[in-house]
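Thanks for coming. I'd like to walk through one model today, so please have the sequence and the structure open.

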Amino acid sequence: MPYLTQVLRDALGSSGENVRLGNVRCVSSKRGWWTKEVKEAIWERGGAGWMVGKVNVGKSNLFEVVFPKGRNHDVNIDRLRSAAGPTDARDTTVTASVSKTPEVFLPQDSNFDVSPISSLGVGSDVDTNHKLRRLVSQPQDDVRLEEDDVGVLLPPVQPETAYPVMPIVSSLPGTTASPIRIPFGGGKGELIDLPGVARSNLEKYVRPEHRQDLVMRSRVTPEQHTIKPGQSLLLGGLIRITPTTPDLVFLAFPFVPLDPHVTSTEKAIGIQTGERNTSLPVIAELSAGTQIASAGIFELEWDVTKQRAGPLTSPSAVKLKADRLPFVVYSADILIEGVGWVEIVAQKRRSKQIPSETQQEVSTYSPEGAADEGVGNTGASDDLASAANTKESEFPTLEIFSPKGQFIAIRRPMNAWLLGGKKHVPKNKQKQRPRQSMRSVKARRH
């Protein structure tokens, strides 16, 4: 959880430090992570709960797990009234009608006047049509939804039952075509499943028969790929990762549902642009090759030496501090929008620390000032300049190519390979080599 909250703060920018982020949960309807706690929080909080997310991320599946079923008879109406405080006569009538006849959530007559949904803006057909016309007639930029106008954009709520019909769970995008409102707790609250937000436009550059392959449906356990100098990593023939730091070996762990392949940079360029025939699985459209562009040069700026040094920094082994090691391990996660991420790791020799006095001289040194003073291009100035250049190129860098140079971002590493990669088999559980057959030996003896 600390990692997830830190990533959210990084995404929020300068305002991230002022956000509390105290109720973030990493949920999984398949593995049951935090689903019980989220269900209890929905029940205790009441009101409206909204399921918001992109297409095919599992909103409907999570909806079914966290919805508080079979609790519509456990609500203490008197306690809710006292907690809400004094209300007017109309609100009292609404509360009483909810407690006695929950069926009013689905009005039988179109000309009803008082119902729980009237507080959301759906009172009568005339009132609804008037508000809809007012919202549609205004320019889109000038539309300001008030609190009472939210219900106009929502369908009527379903009749409350102990075990309602849940939203359809499907791998096809667009299964939830409109908001689905299901009440619970005898009017205590409702859970609303919204249609998925459209993913990125990356699928426009993918062949129609492979567009569903962009969705990660199960846990990915990647293989370790070694990218040597002069090589690049191709992902489905659509994304290319090329290291730009010379004489440095990179390790890549692609957590994506695409087929990775390491080859020479020259071949990778030909495959990605469609100028070279290959037997590798390529999911990109034929026209996508002409739109490939650089998404930028990214730096692996996060130090993961302590996590990656193995027994050298382990508290149960050598117990060395990461600062004492002669090398530094840098890492970063390269994000592919709507697909997954690629964990990149590179080990670099630790550069000698520049003394503080030298750093000050580097910051104040300029060739113009040296020429005015008649110093010229001395050896000391060359050393200072080289030290400055060494400091600037401290982190390993790589360049990424994608359609129109889009759909790529970078974040601090999750170290998912260390957490969920291939497990090391203990020596006592490894398959031993079978005993050598002695049939030929016995035959030679006779």
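This is a predicted model: local features need pLDDT of at least 70, side-chain atom pairs count only at pLDDT 80 or more; totals for chains, interfaces and linings use all residues.

Residues are numbered from 1 along each chain as its sequence is written, and side-chain values use heavy atoms, with hydrogens and water left out.

First, the core. A nonpolar core is a set of buried Ala, Val, Leu, Ile, Met, Phe, Trp, Tyr and Cys residues joined through side-chain atoms within 4.5 Å. Buried means under 20% relative accessible area, with a 1.4 Å probe and protein chains only. The largest such core has 38 residues, and Ile-336 and Leu-398 touch the most other members. Strand β11 gives the largest share, 5 residues. Strands here are DSSP E runs of at least two residues, and helices are H or I runs of at least four, numbered from the N terminus.

Next, β5. Four of its 5 residues are buried, so β5 is largely enclosed by the rest of the structure. Strand β5 runs antiparallel to β8, residues 260-264, with 5 bridges; Gln-231 stands opposite Ser-264 there. Strands β5 and β6 form a hairpin with 3 residues between them, and Gly-236 in the turn has a positive phi of about 65°.

Last, Lys-59, in helix α3. Which backbone oxygen does its side chain reach? That of Lys-54, at 2.9 Å.

Terms used: Buried means under 20% relative accessible area, exposed over 50%, partly exposed in between (1.4 Å probe, protein chains only). A polar contact is a pair of N or O atoms within 3.5 Å; within protein, one must be able to donate a hydrogen and the other to accept it, and residues adjacent in sequence count only if both atoms are side-chain atoms. Two strands pair if DSSP finds at least two bridges between them.
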